[in-house]
Structures are given as C-alpha cells and as structure tokens.
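Please look over the sequence and the structure shown below before reading the notes that accompany them. The briefing is arranged by topic, so that each part can be checked against the coordinates.

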Amino acid sequence: MIQRVTTLLWRELESLFFSPLAYIVLTVFLVLNGFSFVYALAASGGVVEDTVKIFLGNGPLFWVCLVAVPPLVTMRLVSEERRSGTLEVLLTAPVRDGEVVLAKFLGAMVFQGFLWAPTLLYVVVIRGYGAVPEAGQLITSYVGIAATTSLLTAVGLLFSTRTSNQIVAAVGSLTANLLLVLLPVVVLQYPYAAPLARLISRLSMFGHFNGSFSRGLIDSGVMIWYGAGTVGLLLLATRSLEARRWR
C-alpha cells in the first residue's frame with residue numbers, strides 16, 4: 001500500500017507543481033502574506049508576540065489565505081481528471097480508491113506546506129531587528145495552520161469527487177469552508193444559542209486560534225476534532241469516488 005500511495009503521491013505533486021494555476025496561487029498567496037505581515041506590524045505596534053498572533057492567527061488576510069487556498073488547490077484534483085478522462089484510466093490500475101484519495105490529499109497538503117513555508121522568512125526579519133519570537137507560539141501557530149488546512153483540504157477534495165467542473169468544486173468547497181469558519185461565530189450571537197455556547201465555541205476555528213494556537217497552547221480535544229473531521233471527510237470522498245466509478 002505504501003509503495004502505491006507513494007507512486008500516486010509523486011504523480012500528484014508533479015501535476016500540482018507543473019500547473020500554471022499553482023504559480024498563480026503561489027504569487028497571490030505571497031503578496032497577501034506580505035500585506036498581512038505589514039498589517040500585523042502596524043496593528044501590534046511592533047510588539048513581537050502580538051505581531052505573531054495577528055500574522056498567524058487573527059489577521060483578516062491570514063483567514064483569507066487559510067480559507068480560500070484549499071479550494072483553489074483541490075478543485076482540479078479529481079474533477080479535472082474526470083473531465084479529461086484520465087480518472088477512468090487511473091481507476092483501472094491496481095490501486096484502491098482510498099489510496100487515490102489519500103495520495104491526492106497528501107499531495108495537496110505538501111503543496112500548501114510549500115506555500116506557507118516562505119512565511120518563516122518573516123520570522124527571520126523580526127529576528128534581524130533584535131526581537132526573538134517565542135518558539136512555542138510559532139510552533140503551535142503552524143500546528144494550527146496545518147490542522148485547519150487538513151480539514152478544509154478534505155472538504156475541497158470531497159467536492160472535487162462530486163463534479164467534473166472545477167469551478168463548481170471550488171465554489172462549493174469555498175462555501176462549505178466559510179460556513180465551517182463563520183457559522184459558529186454567527187450562531188453564538190443569538191440568545192437561543194446560550195445553552196449550547198460551550199459546545200459551539202469548541203467548534204469555532206477563530207476560537208481555536210485565539211484561545212490556544214496563537215497563545216502557544218495545544219488543546220488535545222481541538223486536535224481530535226480536526227483529526228476526526230479530516231478522516232471522516234476523506235472517507236466520504238472515498239465513498240463518493242467509489243459510487244461514481246460505477247455510474
């Protein structure tokens with residue numbers, strides 16, 4: 001299984017890194033992160049801890065990147081292969097549907113890791129001015145980014161298995177991502193949500209960053225939620241791929 005998944009993973013990475021769309025996404029992502037860093041410095045008044053919190057957790061451009069990038073990366077993973085007819089060829093090979101889904105998910109995660117890696121350069125910039133960010137805060141912030149990205153990427157992959165149109169897959173997964181991020185915040189504004197406020201707040205991605213990741217803390221319950229959600233969505237994507245195989 002590992003060998004098959006590795007082979008499929010290399011195939012996905014080649015497809016992602018040699019796609020013109022990938023470099024458009026990379027360019028826009030880096031520009032937005034540059035503005036995000038400048039905004040974080042201005043909003044924090046130069047305080048290192050607050051700068052990291054805004055740049056890697058609380059800034060508006062941070063959330064734009066976090067929510068919008070996974071749909072752009074995943075929209076073509078299955079839908080484009082289905083449209084071009086290469087998916088049928090792939091599924092006739094001696095590989096399981098779950099292995100195909102896992103390889104595509106890992107490929108999307110590796111690519112997004114490549115997108116986020118240059119943000120570490122801003123840490124070097126801060127250190128160059130004699131301010132040293134706390135290592136624990138940085139590590140947990142990136143752990144939060146990885147956990148959130150995995151869940152939103154799984155959402156995008158599920159939508160990509162449901163259609164042969166990339167735009168439909170992107171819009172569907174972006175809408176679902178916005179609901180996951182914003183719905184707990186909106187619901188908590190209403191009085192009738194008070195009895196369930198504790199439960200709803202546990203599902204709030206904003207709350208996860210404000211309450212733990214951006215503060216140098218990792219909540220095991222939050223990590224279980226992201227892990228279980230990601231695995232569940234990948235299983236649904238596998239079932240979706242299996243169901244459409246026989247249509």
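This is a predicted model: local features need pLDDT of at least 70, side-chain atom pairs count only at pLDDT 80 or more; totals for chains, interfaces and linings use all residues.

Of the 247 residues in the protein, 47% are buried. Among contacts between residues at least 6 apart in sequence, 77% join residues at least 24 apart.

**Helix α4 against helix α9**

- The axes of α4 (residues 60-74) and α9 (residues 135-160) come within 8 Å of each other and cross at roughly 35 degrees, and the crossing is right-handed.
- On the α4 side the contact is made by Phe62, Leu66, Val67, Pro70 and Thr74, which meet a set of α9 residues that includes Ile145, Thr148, Thr149, Leu152 and Thr153, with Gly156, Leu157 and Ser160 also taking part.
- Sorted by class, the residues of this contact between α4 and α9 divide into seven nonpolar, six polar and no charged.

**Helix α4 against helix α7**

- Helix α4 also packs on α7 (residues 97-116), at an angle of about 145 degrees and with the axes 11 Å apart, and this crossing too is right-handed.
- Here Phe62, Cys65, Leu66, Val69, Pro70, Val73 and Thr74 of α4 meet Ala108, Phe111, Gln112, Leu115 and Trp116 of α7.
- The contact of α4 with α7 comprises ten nonpolar residues, two polar residues and no charged residues.

**The nonpolar core**

- The largest nonpolar core has 54 residues, and those with the most contacts inside it are Trp63 and Ile145.
- Helix α9 gives the most to this core, with ten residues.
- When neighbours within four places in sequence are left aside, Ile145 is in contact with Leu56, Phe62, Leu66, Trp116 and Phe209; of these partners, Phe62 and Leu66 also belong to the α4 side of the contact with α7, where Trp116 is on the α7 side.

- Ser240 is found in helix α13 (residues 220-245).
- Is Ser240 buried or exposed? Its relative accessible area is 5%, so Ser240 counts as buried, the cut-off being under 20%.
- The side chains of Ser240 and Arg162 are joined by a polar contact of 3.0 Å.
- Leaving aside neighbours within four places in sequence, Ser240 is in contact with Leu158 and Thr161 as well as with Arg162.

Terms used
Residues are numbered from 1 along each chain as its sequence is written. Side-chain values use heavy atoms; hydrogens and water are left out. Axes are lines fitted to C-alpha atoms, for helices over the stretch in contact, and angles run from 0 to 180 degrees between N-to-C directions. Helices (H or I, at least four residues) and strands (E, at least two) are DSSP runs, numbered from the N terminus. A crossing is left-handed if the near helix is turned anticlockwise from the far one by less than a right angle, and right-handed if clockwise. Contact means heavy atoms within 4.5 Å. Ala, Val, Leu, Ile, Met, Phe, Trp, Tyr, Cys and Pro count as nonpolar, Asp, Glu, Lys and Arg as charged, and the others, Gly among them, as polar. A nonpolar core is a set of buried Ala, Val, Leu, Ile, Met, Phe, Trp, Tyr and Cys residues joined through side-chain atoms within 4.5 Å. Buried means under 20% relative accessible area, exposed over 50%, partly exposed in between (1.4 Å probe, protein chains only). A polar contact is a pair of N or O atoms within 3.5 Å; within protein, one must be able to donate a hydrogen and the other to accept it, and residues adjacent in sequence count only if both atoms are side-chain atoms.
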